[in-house]
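We will go from stop to stop.

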Amino acid sequence: MKGRRIDLLMVLPLFGILSLGLVTLSSALSYNPQRLYAQLVWVALAAAAFLFVTYRPLRMWENLAVPFYLATLLLLSLVLVIGKKVGGAYRWLDLGFMNLQPSEFAKVAVILFLAARLNQKPTLQDGYKLADIVPETVAVLLTMTLIYAEPDLGTSLLIAFVALMVILSTKINTRHLIALIIITVVSTPILWKFVLADYQKRRITAVATMVFRGASDESLSSRYQTEQSVIAVGSGRMSGKGYRAGTQNIFRFIPEHHTDFVFSVYAEEFGFAGGMLLFAFYLLLFYRMLEIVPLVRDKFMALVTVGTVVVLWLQVVINIGMVTGMLPVVGIPLPFFSYGGSALLANSILVGLVHNFSINSRYR
Amino acid sequence: MRILDQQEEVRNIARKSRVLMGVIFVSLLLLSVRIGYLQLHRGGEHLQKSKNNYLLREKIFPARGDILTADGRTLATTSAQFRIQILPAFFAGDEVEESSMRLASILGLPDRQVGELVEFLSTCRGRCRYTPVTVRDELPKNEMLRLSSYLTDVPGVTVSSSYRRVYPLGVTAAHLTGYVGRISRGDLSAYPGYDPESFVGKTGIERSWERELHGAYGELWQVIDHVGRRIEKQDRSSGEVPPTVPARKGRSVQTAVLSYLQEEAEAALGERAGAVVMMDIHTGDILALYSNPSYDPNLLSGRRISPSVWLEYSESVLRPLTNKAIQSSFFPGSTFKVIPALAGLEYGVVTPHTSFLCTGCLMFDAEVKCCWNKWGHAYTAFRRGLKESCDIYFYFLSERLGHHRLTEFSRLFHVGRRTGIDLAEEEDGILPTTEWFNHNHRGQTLNKGYTMNLAIGQGDVRMTPLQLAVAYAAIANGGLILRPRIVSSLIDDQGRREPMEPEVLRAVQLKEKNRREVMNALWAVVNEEGGTAFRYADHTIPAAAGKTGTSQIISKTERRQIDIVDEDRRSMTADDALFVGMFPARRPEVVAVAVVESGAHGGEAATPIAYRLFKSYYYRGRGEE
């Protein structure tokens, strides 16, 4: 198998997810085909990026990590200044022909940055002391703050969690780790009281009460959204209502049914069977990616792989948890499935890197 | 301290990544369980919820069944009419006031309504904007066509059809048909499944035959989107839509009423208050039933009833809304005498030849009882007792009969008990039996005088005109007490006819000899010189048999007081005049009852009314017009 140029078991599930996503989008966007064409253009771009990343030399990406991180910081700052306001938040940069969402690229930047920096930082037998990773922590916090200011709590927390997982997958001094946990526990109530905006608190409490008590009187709009989404998912039953036959979708009872809530359209039209197929694709993709961790040559590749899997997996869990009414409504799209170019491009770069590692480690 | 090399670092990360894979697997498993729970365990429930989202049921109101006469006339029908509605979402936009004014000028709406409309539209948000609002109702077709030509370029205006009840004979048949009105809260529980916007029969046939006349609602499913916008059929790319079920018209009821007899009854009563009933003595079919004064059911059946009309009807002392043929009981007066007469013969307390001496007034147990004829009838036997309606004869007869036997015999003829006619709100009347007396006159003793009063139809006995018709019909037909009926058959929307069988309530065993004796005497009442009805009967048609009655509604002492103090009440408290006749006397077919309130003398006031109906019946029979 030497010299093989493609890892089929990684590419095929990816292709499957993307295809199911496009089929679902063509149903969800049936009244607005213009947007579907835009998404197809993004898919082409993403494919190009995937191939580009796959077949570039590995070392180049490690060297590019810091400049890429700085560029992302710049873009995130730009969003706050000249960003385009959609739904009360500044998340997009209007490039005239397309809208760019820098927070999506921030996920890539943070993973690459952490992996590259930690790769250059040798680890002692006891693992890192907290003091050793202060610059990395500051970098992550800076990114989080800029995204949080948009405001986009969901992505901000996602990045925090991914960074934490990447750092934790290296060796950390046990005592220091315990100290960190204590600090986190103490700071949470302070965060709740002084940092979270009212609407964010309301959403969290709304879903919390809905999950635990089955009803909520808070935040009518997100409650409506969740209710309708749960109805859409549930009414799909075993085999779904059929392509373009989901009434919740066609008659637009679900807000954001092509972006964050696209899974509800899929589940309504293709049922439990369709849902399981999609889960199988994700599971295979994640398994195939994590499988290469023991095979790679250095810490950079291992950490990028772990970071990629974690960021994709978390988005899947949060998105589907939100669509099925288990988690609060936060703006996290379903990777390779939801409408939106920036996310697709960013995710393709990440998986492209892992694909690159895979080809280089498995078949060399 | 040793620094780890790359191999160790990677191995360390790989170890943790295996744990991560486990966590990933478990998390996706949990999500699968959640989805499976929503889709498989509670899937049906969610499917129903999704249907509730996009399907909107609209009720289609059924047309009410018609009410027809036996001779092919229509007593009640429905006429299609139209209403104009606006859909706030598409009407006006921002210029609510301007658009409302424009609509108002086309439709001719009053200023007050325009003000209300503007206020309503400016506060209408969300789903309200997709709920139609009626601005004009009860428009006839030509008016609708005229207006809709102006309305075509006004957005958000729709025209839809509804029904209005129409009574072509109006006043003439009002107490037969009754009228319909918006369903009340109380009626909603009595008629499960009725729409709160629907109309129900309030009185008369409309009420008693409500369940047949009403028909069945249809349903039309509308597909709506998330803001309640209707999705037109060609756009229904998906979604299972239940089929439209058309409304089914109610069954029509065919009455036995003959319109020309009904009209004759109205004409015969003229301005006088009272009631006329004509009934077939073999089937109980009501051929005419009229109560005067009457009302116009067309004025009471609309969506809005004019308050002045309602006030006029409900406050009038002549009680036009009361059906006096069944809802008002009278002293039967001398018309009651056939019952003690027949009872006397049946129980054998008198023979046709037993005679009593009438000297005008007599002492019975320290009580002076007088005949209506203060000169007296001298020796009076059975036939002349009835023919000349001698009160003294019936005093003696009732003395021999006793109270118990008289009331038992009366009970057989359904006195004081509703006949069960298929019209709403019939009254019972009163039969003063011993129990009734003890209950209503506590502490008093039932003496002979009380029974004597009963025998001449005074005292406490009360009968509705319809009960008199039923009792006389039984005498004419050999003892069958029939349930009077208005409706003889039901006709469904396919034209299938379901006839209603006549119903015999009771067969009274009568000796034919005795019955003939009574019939003979009743013939004499009308056809012999000296009979109380002789001078007022029309002798150009075959003979009828019958009995007059003049009932005092207040005592003579009270009368004198009223005559002095109250000019207005004098006419109101005059005696009621009654006549009950069977026609033709030789072989009776029909019985007619005429009651004229405050008509003074039965023979004079009531006999000609019954005769007008006999005459009409004789000349026109039952043929179709």
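Start with the rings: there are 25 aromatic pairs over all chains. Here, rings of Phe, Tyr and Trp (its six-membered ring) pair if their centres lie within 6.5 Å; planes under 30 degrees apart count as stacked, over 60 as edge-to-face and the rest as tilted. Select B:Phe409 and B:Phe413, a tilted pair with 5.3 Å centre to centre and 45° between the planes. B:Phe409 counts as buried because its relative accessibility is 4%. B:Phe413 is buried too, at 0%. Buried means under 20% relative accessible area, exposed over 50%, partly exposed in between (1.4 Å probe, protein chains only).

This is a predicted model: local features need pLDDT of at least 70, side-chain atom pairs count only at pLDDT 80 or more, and totals for chains, interfaces and linings use all residues. Residues are numbered from 1 along each chain as its sequence is written, chains are lettered from A and ligands numbered from 1 in the order in which they are written, and side-chain values use heavy atoms, leaving out hydrogens and water.

Next, select B:Phe583 and B:Tyr618. This pair is edge-to-face, with 6.3 Å centre to centre and 85° between the planes. B:Phe583 sits in strand 21 (residues 576-583) of chain B and B:Tyr618 in helix 23 (residues 602-620) of chain B, so the pair ties together parts 35 residues apart in sequence. Helices (H or I, at least four residues) and strands (E, at least two) are DSSP runs, numbered from the N terminus. Is B:Phe583 buried or exposed? It is buried, at 2% relative accessibility. B:Tyr618 is partly exposed, at 41%.
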